[in-house]
Amino acid sequence: MYLRLCILFVLLTALVGAEPDPHSFSRPEQAQVTHLDLDIAVDFQKKQLIGSASWDFQLKEGNKIVFDAKDMQIRSVQADGKYLPFALGPEVKWLGQSLTVFVPDGTKRVTINYATRPEAAALQWLKPVQTAGKKEPFLFTQSQAILARSWIPCQDTPGVRYTYDAKVKVPPQLLALMSATNPTEKNAEGVYSFRMPQAIPSYLMAMAVGDLEFRSLGDVTGIYAEPVMMEKSAYEFAETERMVDAVEKMYGPYRWGRYDMLVLPPSFPFGGMENPRLTFLTPTVIAGDRSLTSLIAHELAHSWSGNLVTNANWNDFWLNEGFTVYLERRIMEELYGKDYADMLARLGYGDLEHTLEETPSIDTHLKLELKGRDPDEGLSDIAYEKGYFFLRSLEDQVGREKFDKFLREYFDDNAFGTMTTEAFLERVKNRLGPDLGVDKWVYSAGLPSSFQEPVSTRFQQVDNQKERFFSGTTPSELETKGWTTHEWLRFLRGLPDTTTVAQMKALDQQFHFTDSGNSEILAQWLVTAIHVGYEPAYPAVERFLVRVGRRKFLTPLYRELVKTPEGKERARKIYAKARPNYHSVSVGTIDEIVGWGE
Ligand SMILES: [Zn+2]
């Protein structure tokens, strides 16, 4: 009986399309938004956005439209000049509240007047001292996965797309930017207009306000940054236009007009966020030698995988990220050669191995089940790296030429649409062949038995040097000339647990890791320093944790600290200082690690 019910359910799901998004109250099958006119003012004193969201929509059945809202004050709802009744549902953990608006027959547009609360999870309000320039405050949003609803009442599911126009009023000395057509200069009134003519899902809604300026990098690329960050940023990201050319050659046209980037203050919780037309970036990718620009390749690649063809809901997150890591490495191979891309794949495999060890096996499937949980939990290396290796296995089996053609058609056929894991696998079976072992990758734990570890020739050379070091060669005699960040990461990640404080000191004297300006190298070094008890690096641990809010770096450092009772005490002391600098996304993760509030 159970089995029959299951089959029936599967059939029904196949008939009506994707299952409803477990992380949204909206019911797009009844009423679905098509366009947003946003009109808001930014108040830094009150840490509040105040204004209105006017939504055009299609009423398909019944007389109501449901939105998602979180930590938000809904003041009134209007249509055609009249006030409409509305109801806020009970607060649900992670999800916030449903906002149901009751509409008369024929209603096509409602205006929701609202204000955000200071604790709105998407918004991070920075004091001047938390910026690079130290003079003006800064605001940025992070909407993925389900935080857009904390700054705009919206149908907050990746399955619903809409176009938008916006008017944003800010203090006149600041510039406002969005995931849309953007101004390149401040104006005296501090009022800015935006237009996003391509339909996007809500998690790509983005805004930043700060003392920002613009510099062009090429025909379609440019950079926004605080004035003191501009020179460094423009140098670091100068090759972006070449990346756009490379990916267009492989996977078809870039469909979003311009590709600009915004360098944020260091508390930004992610490496980058692929907000369309305006990638948001952590300043921790600025290494001074362009060695961390695979992150730009990654965010740019999202213009195809994720932004153009979007996961239907967060259970299909690997469709966004696995594809993007695959594209990212193909771009890097185009620009810097196969041996370079091989290093990235090998490092990615190292991350994946680690994540596989720590993750409950059900969460190591590509297709996830995140119902009743914070979808942010899906943001692990599984979606990224296992997703990448799955696509690479398809490429290996059918050949690059055929696979590239398949991908190009995939993006063309599904542009500005959504994709489910099931529909993608169907497409693979129909177009690439029925026996490619896809189900094992997607619906089973870990890696299939046929999986072969990636090899990097450049890392073999690194491993040789490491061996020489541990057999007594002094650091100055090691052959490290020409090593990129990736070789150093390989070296540092491979330091054994038995590394002594004396060995750490010798390495530090020669290579100055504790003073490194490269965040990737520094973060890796500090993890090892905590692990082996290399005390000269402890002040650097604190400085780094207080300055940087990028979760990828914070997590391993705090995890390493809390392994001992003394370390845990230090972690909590540092965290008390650092916590106000972190975005809610990082706070959520680190609270748990250090047992905050216990
Ligand atoms: Zn990504």
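The protein chain has 18 helices and 21 strands. Those elements are DSSP runs, H or I of at least four residues for helices and E of at least two for strands, numbered from the N terminus. This is a predicted model, in which local features need pLDDT of at least 70 and side-chain atom pairs count only at pLDDT 80 or more, while totals for chains, interfaces and linings use all residues. Residues are numbered from 1 along each chain as its sequence is written.

Overall dimensions, briefly. Along the principal axes, the C-alpha atoms of the protein chain fill a box of roughly 80 × 60 × 55 Å. The radius of gyration is 24 Å, which agrees with the value near 25 Å that a compact globule of 598 residues would have. That radius is taken over C-alpha atoms, and the globule rule is 2.2 Å times the number of residues to the power 0.38.

Now the sheets. Strands of a sheet pair through backbone hydrogen bonds, either parallel or antiparallel. Here, two strands pair if DSSP finds at least two bridges between them.

Strand β1, residues 31-43, pairs with β2 in the antiparallel sense over 12 bridges. In that pair, D43 has Q48 in β2 as its bridge partner. β1 and β2 form a hairpin with four residues between them, and K47 in the turn has a positive phi of about 50 degrees. β1 also pairs with β11, in the parallel sense and over seven bridges; there, I40 has V168 in β11 as its bridge partner. Strand β2 (residues 48-59) is in turn joined to strand β8 (residues 109-116) by seven bridges, and these two run antiparallel. G51 stands opposite Y114 in β8.

Another open sheet has three strands in the order β3-β7-β6, with antiparallel pairing. Its edge strands are β3 (64-69) and β6 (86-88), each with a single partner strand, so one side of each is left without a neighbour in the sheet. Neighbouring strands of this sheet are turned by 20 degrees against each other on average, direction ignored. Six bridges hold the antiparallel pair of β3 and strand β7, residues 97-102, and D68 has S98 in β7 as its bridge partner.

Two backbone points in loops. W94 lies in the loop between β6 and β7, and its phi is near 75 degrees, a positive value in a residue other than glycine. The peptide bond from Q144 to A145 is cis, with omega near 5 degrees. A145 is in the loop between β10 (138-141) and β11 (161-169).

On to helix packing. Two packed helices are described by the angle between their axes and the distance between the axes. The axes are lines fitted to C-alpha atoms, for helices over the stretch in contact, with angles from 0 to 180 degrees between N-to-C directions. Angles under 35 degrees count as roughly parallel, over 145 as roughly antiparallel, 65 to 115 as roughly perpendicular and the rest as oblique. Residues are in contact if their C-beta atoms, placed from the backbone, lie within 7 Å.

Helix α3 (residues 240-251) packs on helix α5 (residues 317-336) at about 115 degrees, with the axes 10 Å apart. The two are therefore roughly perpendicular to each other. R242, M243, A246, V247, M250 and Y251 in α3 meet L327, R330, I331, E334 and L335 in α5. By class, this contact has eight nonpolar, no polar and three charged residues. Nonpolar covers Ala, Val, Leu, Ile, Met, Phe, Trp, Tyr, Cys and Pro; charged covers Asp, Glu, Lys and Arg; the others, Gly among them, are polar.

α5 also meets helix α6 (residues 338-358): their axes come within 7 Å and cross at roughly 150 degrees. α5 and α6 are therefore roughly antiparallel to each other. The α5 residues V325, R329, M332, E333 and Y336 meet K338, Y340, A341, L344, A345 and G348 in α6. That contact has seven nonpolar, one polar and three charged residues.

Last pair: which class describes the angle between α7 and α8? The axes of helix α7 (residues 381-398) and helix α8 (residues 400-413) come within 6 Å and cross at roughly 130 degrees. That makes α7 oblique to α8. L394, E395 and V398 of α7 and R400, K402 and F403 of α8 make the contact, with three nonpolar, no polar and three charged residues.

Terms used. Contact = placed C-beta atoms within 7 Å.
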